[in-house]
Amino acid sequence: MIKNLLNDKPTKMFVAFTAFFVANALIAECIGGKIFSLEKLFGLPVHTFTLFGQSGLAFNLTAGVLLWPLEFVMTDIVNEYYGPKAVRRISYTAVILISYAFLMFLVAIGVPPADFWVNSSAAQGVPDMQVAFNNIFGQSMWIIVASLTAFLVSQIVDVTVFHRIKKRTGEKHVWLRATGSTVVSQLVDSFIVLFIAFKVGRGWSWQLVLAICLVNYTYKFIVAVALTPLIYLLEHRIEKYLGHETAARMKAAAMGKEHPHVAPITTD
């Protein structure tokens with residue numbers, strides 16, 4: 001039985017997708033504490049602007065946004081070939097493992113540091129390694145709750161929008177269901193994170209929450225559109241790996257129906 005599972009291409013592909021999905025989400029959470037300048041990244045001058053009455057705004061983004069768009073790409077691919085139940089399964093798995101990781105971060109922060117380690121990097125400009133460690137891994141509880149809630153809700157939204165579009169368009173217009181579901185779910189994700197973490201958690205004004213939400217979403221929207229060709233590339237590679245018949249049957253099953261012209265999937 002184990003040999004059959006290990007030789008079954010759809011199973012191997014799902015395990016690979018799940019592993020990447022969880023790892024990518026965890027890395028995004030870990031690096032999310034850094035804020036970077038998008039303008040400086042592209043060598044552009046930083047110009048501040050005003051939105052909803054909030055001045056001094058710029059494209060300063062959490063480093064987590066470098067990886068989160070890939071989560072939505074993976075969501076669309078899994079949705080296409082395995083269906084909404086599979087997306088929910090890997091989403092719940094990611095949330096559980098990220099929660100476990102944050103718990104272990106708190107445990108690591110709490111254990112007493114060795115004296116030599118605290119001052120080990122003073123020559124590199126880090127006077128207290130324990131403080132640095134705490135600041136990097138000790139994100140506030142509001143941010144953790146906001147991030148995990150936004151992730152889970154946006155995944156459900158992505159799945160729902162994706163399948164509603166596909167029911168109307170069938171196998172045509174891959175770009176529409178992939179990009180359309182992503183731009184909607186990214187808006188939900190951006191708003192929930194800011195609302196829970198900063199409106200509820202820190203008492204930010206609605207104007208500030210909406211202004212930063214729009215800034216973040218503008219970046220996510222552009223990236224979602226830019227990554228559309230990646231969806232086509234991945235689907236092409238998957239079709240080649242699985243074979244047309246197996247891929248077609250998986251897509252039909254993902255939509256809750258049988259493909260009348262495709263033989264059942266068999267293992268090697």
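Start by selecting the loop between strand S2 (49–51) and strand S3 (54–57) in this predicted model, where Phe52 is found. Phe52 is not a glycine, and yet its phi is positive, near 50°. With a relative accessible area of 47%, Phe52 is partly exposed.

His173 counts as partly exposed, at 42% relative accessibility.

Now turn to the largest pocket, whose volume is about 830 Å³. To centre the view there, select Gly32, Ile35, Thr62, Val193 and Phe198, which are the closest to its centre among the 36 residues of the lining. If you then colour by element, those that give two or more residues to this lining are helix H2 (9–31), strand S4 (60–62), helix H7 (129–137), helix H8 (141–169), helix H9 (174–200) and helix H10 (206–226). Coloured by residue class, the lining of the largest pocket divides into 20 nonpolar, eleven polar and five charged residues.

Finish with two cysteines, Cys30 and Cys213. Cys30 is partly exposed, its relative accessible area being 27%, whereas Cys213 counts as buried at 6% relative accessibility, because that value falls under the 20% cut-off for buried residues. If you look for disulfides in the model, the count comes to zero, where a disulfide would need a pair of cysteine sulfur atoms within 2.5 Å.

Technical notes:
Residues numbered from 1 in each chain as written. Predicted model: local features only at pLDDT ≥ 70, side-chain atom pairs only at ≥ 80, totals over all residues. Heavy atoms only, no water. Buried < 20%, exposed > 50% of the residue type's maximum accessible area, 1.4 Å probe, protein only. 1 Å grid on protein atoms, 1.4 Å probe; cavity = no way out; pocket = protein on both sides within 12 Å on 5 of 7 lines; lining within 4 Å. Points joined across faces, edges and corners; volume = space filled by probe spheres on them. Helix = DSSP H or I, 4+ residues; strand = E, 2+ residues; numbered from the N terminus. Nonpolar A, V, L, I, M, F, W, Y, C, P; charged D, E, K, R; others polar.
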